[in-house]
Amino acid sequence: MFPLLDLYLCISNKIEIEKYYQLLLNFEKLWGIHVHIFTNNLENYIKLEDFINMIKKVNITYSFGDGIFNNEFNNLNIKTCKKLITDKFTSLAVIINKDLLSNYEYIEFINNVSKNEIQLEVYFKLNKKNSCDLEKIVDFCNLKQIKLCIVDIDKRISDNKITGVEYKSLLKNIQNINNRNNVRLSVAECPYLNISNDNFKNTMGGCSAGITSCMINDEGNVVLCYYLNEIIIDNIYNRTLLDIWEKSDIFKKLRDRKNIKGKCSKCQYILNCGGCRAESYYKYGNLFCEDVNCWMP
């Protein structure tokens, strides 16, 4: 059985507390370790406190991320934040960009989070146009003693997307930044970071979708990841998460890297990397084609 180690969970009023509880019990049975909780709009989830009391009953850890504070940074959100903090909550993640660095409410929010000893992570949605802002983001993180900045690189096709050799150059720059700063930059869901050490090239790594992670959206649909949310595997109202994870044909196929075609299939890092399945899907409309964004020959 493949363990489901990380679950990305979008909470909403459309799903009952009891259904969430059953879901998390299933996740625990699948050797689940951590749940990343987010929402499209906190105002649409008025039972947040009930939800928090419920998840304390399940023996796994949690972090809160994108949308929990609806990008409004004020004292009310600090109060909400305090309610979230128990020994089961490891971190709070909020967005960061160049414009927010000069936003008074945002800076006050960051300061107040630090005062309340809440472990803070920030995430930066990076593209060609704003890649030059990365150093400013790092300087701000160092100043505010933020230890982790997650760099999210959009997988969707656009003229503004980081691609190929640019991607390689960016990762090298990130590695250099990490070597000389207190803040650590971590690229979200990037398989290419795993190929730098030949000692691990025969170890399963890279894209985790369907292998060690999946996502559940605000309708209860089980999907592969944030970028592949239009590919619906099943729904938690039809089958249990345990049943979906163990029996889904798509999940089974993703777990066998021999199903990947094109240059990825011939690459020596097929196990350790395997390419990004979202890159394949957005280019070819197929999860199992090569990753065209990789610079490997």
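Which residues of H4 are buried? They are Tyr106, Phe109, Ile110, Asn112 and Val113. Buried means under 20% relative accessible area, exposed over 50%, and partly exposed in between (1.4 Å probe, protein chains only). These residues cover an arc of only 165° around the axis, so they sit on the same side of H4. The arc is taken from the directions from the helix axis to the C-beta atoms.

This is a predicted model: local features need pLDDT of at least 70, side-chain atom pairs count only at pLDDT 80 or more, and totals for chains, interfaces and linings use all residues. Residues are numbered from 1 along each chain, and side-chain values use heavy atoms, without hydrogens and water.

Helices are DSSP runs (H or I, at least four residues), numbered from the N terminus. H4 covers residues 104-115. Its 12 residues should span 16 Å at 1.5 Å a residue, and the end C-alpha atoms are 16 Å apart, which agrees. The face turned away from the buried side carries exposed Tyr104 and Lys115. At the start of H4, a side-chain oxygen of Asn103 comes within 3.0 Å of the backbone nitrogen of Glu105. Just after H4, Glu117 has a positive phi of about 55°.

The count of disulfides (cysteine sulfur pairs within 2.5 Å) is zero.

| Cysteine | Nearest cysteine sulfur | Distance |
|---|---|---|
| Cys267 | Cys294 | 6.4 Å |
| Cys289 | Cys264 | 9.6 Å |

Cys267 counts as partly exposed because its relative accessibility is 23%. Cys289, at 19%, counts as buried.

Terms used:
Helix = DSSP H or I, 4+ residues; strand = E, 2+ residues; numbered from the N terminus. Expected span 1.5 Å × (residues − 1). Polar contact = N/O pair within 3.5 Å; in protein donor to acceptor, adjacent residues only side chain to side chain.
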